[in-house]
Amino acid sequence: MANPGYGKRCAPGERPRTERDFAHLLPRDAAVASYIDRLPDGSDISVKTLAKHLPYGQCALGTTLNRLQAAGHLRRGSECVITDRQMFWVTRTFFSRTAREDAWWSAFIRGDVPPDEPRRPTRSRAFILLAALGRTAPTLTLSAADCLHLEPRVGEWFARGATEAELLHALTDGLPVPVHHPARLVERRLRDKLPPERVLPGPRTVLRTLECGECQVPGPPEALLGGLCRPCRGPSPKPPAGPPGAVQPPGVRERMNAVRAGLVPRSERTYR
């Protein structure tokens, strides 16, 4: 894990993992991206640490990380975490399995991430807990209809700040033997043991900034196209002048000198 290092932080809104996620990259870059993608948040993905676990040198890994940055999978920066008691900056390397455009990264830094494609609806946290209740207490195995009926009551526990461990303890502690009606017993305990409302801490305020992947100078996302600042990107190439294939003005003199050098003097020409 990074300490402090460039700790990995997964970008939000990732699509499900597939075998074609990094097919557009070079083989080495795809292998490194796939390795990073499977690391948990907070992992140290600096070139020194990656070189200890992958069959590539630090220079090769540095080049690969820069190419992942240019491809839209990676950005380097800092994140300011503000809590009720302190404020501190954490160095991050933001990683996205899905290649993102510069506009998406700018929205992410502002905290205004555009929505991704809609996914299939999933079961709620309350339904999943009820469906798995029989693993903890086999006598409380519930049907799908029972889980749907009791789902709102469990959701009320979660809304009051209860944890899954507290819920399981309340539902499974001191069960009678035998349990004749599991659903009715669970409903009774959910109603009778409902905890009081808790004052939860307010949401953290998070500020983020990006830095150039080459010189590490921080800057606004709009100025870090492809993860690089303007000096590191170099001068922007001017559009070609004239029709396609025409020699550009800076190269006219050199082109004419090359043509003259290739001409054979009239006195040395032979005719057939």
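1. Let's start with the largest nonpolar core: among its 21 residues, those touching the most other members are Leu-130, Leu-140, Leu-142, Val-154, Leu-167, Val-186 and Leu-190. At least two residues of this core come from each of helix 5 (125–131), helix 7 (144–159), helix 8 (164–172) and helix 9 (182–192), and helix 7 gives the largest share, 5 residues. A nonpolar core here is a set of buried Ala, Val, Leu, Ile, Met, Phe, Trp, Tyr and Cys residues joined through side-chain atoms within 4.5 Å; buried means under 20% relative accessible area, exposed over 50% and partly exposed in between, with a 1.4 Å probe and protein chains only. In soluble globular proteins, nonpolar side chains tend to be buried together.

2. A word on what you are looking at: this is a predicted model, where local features need pLDDT of at least 70 and side-chain atom pairs count only at pLDDT 80 or more, while totals for chains, interfaces and linings use all residues. Residues are numbered from 1 along each chain as its sequence is written, and side-chain values use heavy atoms, with hydrogens and water left out.

3. Leaving aside residues up to four places away in sequence, Leu-130 touches Leu-142, Cys-147, Leu-150, Glu-151, Val-154 and Val-186 (contact means heavy atoms within 4.5 Å). Another core, of 15 residues, lies apart from the largest one and includes Phe-22, Ile-36, Leu-39 and Leu-68.

4. Now for the chain overall. The protein chain has 11 helices and 5 strands; these are DSSP runs, numbered from the N terminus, with helices being H or I of at least four residues and strands E of at least two. Of its 272 residues, 32% count as buried. Among contacts between residues at least 6 apart in sequence, 63% join residues at least 24 apart.

5. Gln-69 also deserves a look. Gln-69 sits in helix 3 (residues 58–70) and counts as buried because its relative accessibility is 2%. The side chains of Gln-69 and Arg-76 are joined by a polar contact of 3.2 Å (a pair of N or O atoms within 3.5 Å; within protein, one must be able to donate a hydrogen and the other to accept it, and residues adjacent in sequence count only if both atoms are side-chain atoms). Not counting residues up to four places away in sequence, Gln-69 touches Leu-74, Arg-75, Arg-76, Gly-213, Gly-226, Gly-227 and Leu-228.
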